[in-house]
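Welcome! Here are a few exercises to work through with the structure open beside you; try each task before reading its solution.

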Amino acid sequence: MPPHQATHTPLLWDSKVLGFSCGAVTVQAGARDGASLAEEIIGIIPKNETLTLAKIPAQYKNTTQALLKAGATFIDTELTFQYTVAVAQVDPGIEVEIVKQFRGNDFEALASHIKYSRFFLDTDIPHKRAINLWRHSIRNHCQGRASVMAIGYHDSTPAGLVIVMDNEQARELYFVGVLPCFHRKGIASALLHTLTKAHSKKPIRVEALASNIPAINLYCNAGFRIATASNVLHLWGSPKQSDLQYR
């Protein structure tokens with residue numbers, strides 16, 4: 001077996017907010033699909049780690065099956081979209097502002113409405129802790145952690161945002177959200193159109209779980225196309241969080 005088919009990274013921020021140790025395993029390019037890769041993934045997880053995220057390329061069916069047999073929990077398939085096709089935008093009259101920071105807590109309420117997240121889909125994670133994690137994440141990004149943000153306004157009221165994280169390879173749309181009272185007003189489409197129209201030569205990427213049909217339709221209608229797919233698995237240490245008094 002070739003060495004270093006997978007690497008492990010502690011997720012320190014997740015661990016701090018959730019209250020238990022978290023980490024992630026990344027499969028290296030060119031890794032060989034099979035039980036040996038699954039064994040390596042399990043072998044590099046620290047013994048004291050409570051929850052480990054593993055994103056396995058969807059075509060690696062043998063590795064996925066081996067991990068499931070070893071007790072991993074399948075959460076969903078994550079689709080990575082890349083902006084590919086320029087799409088004409090019908091102006092819905094939405095004002096969009098590009099900012100570095102957003103003062104106010106208008107968007108923290110979105111944390112209670114995120115249905116399609118690995119933290120919410122895993123029933124072994126207490127729901128209140130998942131909401132708290134997303135609330136902290138939205139707050140921190142609005143306070144300056146994001147590279148930039150696009151804010152959409154409806155009648156001068158903050159209605160939706162896109163959190164953008166830039167890196168050397170791409171512009172990642174980390175979070176796309178519209179407050180429930182402003183749904184179906186074209187806000188998300190206007191935000192995406194602004195970001196894609198004014199963007200540089202870097203690829204623009206965004207992720208969505210396969211069960212999140214509204215997001216998939218939104219991205220496809222905005223000119224994004226599926227680039228890759230990964231199976232999202234959770235590997236729990238002992239005890240699982242459902243066995244602890246966190247609920």
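**Exercise 1.** Determine whether Cys142 is buried or exposed, and find its nearest cysteine sulfur.

*Solution.* Start with accessibility: buried means under 20% relative accessible area, exposed over 50%, and partly exposed in between (1.4 Å probe, protein chains only). Cys142 has a relative accessible area of 4%, so this residue is buried. By contrast, Cys220 reaches 30% and therefore counts as partly exposed. Next, look for disulfides, pairs of cysteine sulfur atoms within 2.5 Å: the structure holds zero. For Cys142, the nearest cysteine sulfur belongs to Cys181, 16 Å away.

Before going on, note that this is a predicted model: local features need pLDDT of at least 70, side-chain atom pairs count only at pLDDT 80 or more, and totals for chains, interfaces and linings use all residues. Residues are numbered from 1 along each chain as its sequence is written, and side-chain values use heavy atoms, leaving out hydrogens and water.

**Exercise 2.** Work out which face of helix 5 is buried, and what covers it.

*Solution.* Helices (H or I, at least four residues) and strands (E, at least two) are DSSP runs, numbered from the N terminus. First, list the buried residues of helix 5: Ala130, Ile131, Leu133, Trp134, Ser137, Ile138, His141 and Cys142. Seen down the helix axis, they fall within an arc of 160° (taken from the directions from the axis to the C-beta atoms), so they line one face of helix 5. Lys128 and Gln143, on the other side, are exposed. Finally, the cover over the buried residues includes helix 1 (12-18), helix 4 (118-121), strand 6, strand 7 and strand 8.

**Exercise 3.** Give the strand order of the sheet and name its edges.

*Solution.* Two strands pair if DSSP finds at least two bridges between them. The open sheet of 10 strands then reads 1-2-3-10-4-9-8-7-6-5, with mixed pairing. Strand 1 (6-10) and strand 5 (95-99) each pair on one side only, making them the edge strands. Now zoom in on strand 6 (residues 148-154) and strand 7 (residues 157-166): they run antiparallel and are joined by seven bridges. Met149 has Ile163 of strand 7 as its bridge partner.

**Exercise 4.** Describe the surroundings of Thr64.

*Solution.* Thr64 sits in helix 3 and is buried, at 5% relative accessible area. Contact means heavy atoms within 4.5 Å; leaving aside residues up to four places away in sequence, Thr64 touches Ile56, Asn231 and Leu233. Its side chain also makes a polar contact with that of Asn231, at 3.3 Å (N or O atoms within 3.5 Å; within protein, one must be able to donate a hydrogen and the other to accept it, and residues adjacent in sequence count only if both atoms are side-chain atoms).
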